[in-house]
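Subject: The structure we talked about

Hi,

Here is the structure I promised to pass on. Have a look at it first, then read my notes below with the viewer open.

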Amino acid sequence: MTDILFTPVALNERIELKNRILMAPLTRCMADDALVPTQAMVDYYARRADAGLIISEATIIRPDGQGYPNTPGIFNQAQIAGWRKVTDAVHENGGKIFAQLWHTGRVAHPHFWGGTEVIAPSAVGVEGTVPRMRELTYLVPREATALEIAQLVEDYAKAAENAIEAGFDGVEIHGANGYMIDEFLHYDSNRRDDEFGGSPENMVRFPLQVVDAVTSRIGAARTALRISPAAYFNIQPDARDRAVFDLLLSELDTRELAYLHGGIFDDSVHYDYLDGRVSEYLRRHSRHTLVGVGGYDAETAAAAIASNKFDVIAIGRPFIANHDYVARVREGAELKPYSDELLPVLY
């Protein structure tokens, strides 16, 4: 039974969702060369407005945050205007949409903005090449200075302000999956010995500064966060990370958020240093509305919500293959299978 998926849920006094099915952030690389949303994006999001909430594809906060081709930005007026067409179309179809704010950190590449270097928490690179542009090899980043970190905080806040101007109902700060904010939260990628590294208290400083700056700019009711307590994407696991996320979640519990989103591809994986699945760990350590994600279908998601494992579910690839995913699940209709021919998906 999937009836529970179609019950409304209030994120807070400001935002109520018509159902518990969220469209997960899905990088589609459909922006134009100026990183402005296209008409294809307007049509794509508008057709999926039956979701309780759409979380946009990851959207870069400034030019040097780009790590993939044709990913949209939200740092200039042309991009804001392009996103306004998307949000207007979603709202006209009765939907709600949050912008996911993104800086790719050490997996950014200067090819995209005509620069020469990449910044990250530490001068620790990753091996490999840029997806869809395999001729581009990742660079070893330069360690960001304290002044540059302060500017990043401001740029996240400005991007959130721009998102509201563009008509978004709120923002999800992308603090997961091996990108800039997540890189500060793991010992493998954060080797600093200053106020931003070396201890849990220092490692959570920048992420919390971003959360505080964004909530100060647009309000906590319109601010959400995605995190990855389990390091697995471009980051090597370290048991010491557990203490970092224990502290981060404790600090987040003293703040208001629209929701907390677990950044995981497969929530069936058991992590010893988290004493279970990512969703189980987050539920134990957070009071916030929890978004489940990672390998769930409608039936398993409904069962998990009914048993209070999380509050709402984010669906990814099936939403690419089925623009009418919500209606198909409600009616018990067969889903079209996802195929990589529909374009590779990056969360």
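One term before we start: contact here means heavy atoms within 4.5 Å. Keep in mind, too, that this is a predicted model.

Let's begin with helix α8. Its buried residues are V278, S279, Y281 and L282. Around the axis they cover an arc of only 160°, which puts them on the same side of α8. What packs over that side? The cover on the buried residues of α8 includes β11, α7, β12 (260-262) and β13.

In general, nonpolar side chains in soluble globular proteins tend to be buried together. In this model the largest nonpolar core has 102 residues, and L5, Y45 and F206 are the ones that touch the most other members. Helix α3 (residues 146-165) gives this core its largest share, nine residues. Another core, of 14 residues, lies apart from it, and A58, I60, F112 and Y179 are among its members.

Which residues does F206 contact, once you leave aside its neighbours within four places in sequence? They are I149, L152, V153, Y156, M180, I181, F184 and F196.

The structure holds one cavity of 30 Å³ or more, and about 50 Å³ of space lies in the largest cavity. Its lining is made up of G262, I264, D267, V278, S279, L282, L290, V291, G292 and V293. Two elements give two or more residues to that lining: α8 (278-285) and β13 (290-292). By type, the lining residues split into six nonpolar, three polar and one charged.

- S228 sits in the loop between β11 (223-227) and α7 (241-252). Is S228 buried or exposed? With a relative accessible area of 1%, S228 is buried, since anything under 20% counts as buried. Not counting residues up to four places away in sequence, S228 touches G175, A176, N177, D182, H186, F245 and G263.

- K85 belongs to helix α2 (residues 77-92). At a relative accessible area of 55%, K85 is exposed, because the cut-off for exposed is over 50%. K85 and V211 are 126 residues apart in sequence, and their C-alpha atoms are 27 Å apart in space.

- E143 is in strand β9 (residues 142-143). E143 counts as partly exposed, at 37% relative accessibility. Its contacts, leaving aside neighbours within four places in sequence, are A120, P121, S122, A123, E148 and R192.

Cheers

Note on methods
Residues are numbered from 1 along each chain as its sequence is written. This is a predicted model: local features need pLDDT of at least 70, side-chain atom pairs count only at pLDDT 80 or more; totals for chains, interfaces and linings use all residues. Side-chain values use heavy atoms; hydrogens and water are left out. A nonpolar core is a set of buried Ala, Val, Leu, Ile, Met, Phe, Trp, Tyr and Cys residues joined through side-chain atoms within 4.5 Å. Buried means under 20% relative accessible area, exposed over 50%, partly exposed in between (1.4 Å probe, protein chains only). Helices (H or I, at least four residues) and strands (E, at least two) are DSSP runs, numbered from the N terminus. On a 1 Å grid over the protein atoms alone, a cavity is a set of points where a 1.4 Å probe fits but cannot get out, and a pocket is an open set with protein on both sides within 12 Å along at least five of seven lines; lining residues have an atom within 4 Å of a point. Grid points are joined across faces, edges and corners, and a volume is the space filled by probe spheres set on the points. Ala, Val, Leu, Ile, Met, Phe, Trp, Tyr, Cys and Pro count as nonpolar, Asp, Glu, Lys and Arg as charged, and the others, Gly among them, as polar. The arc is that of the directions from the helix axis to the C-beta atoms.
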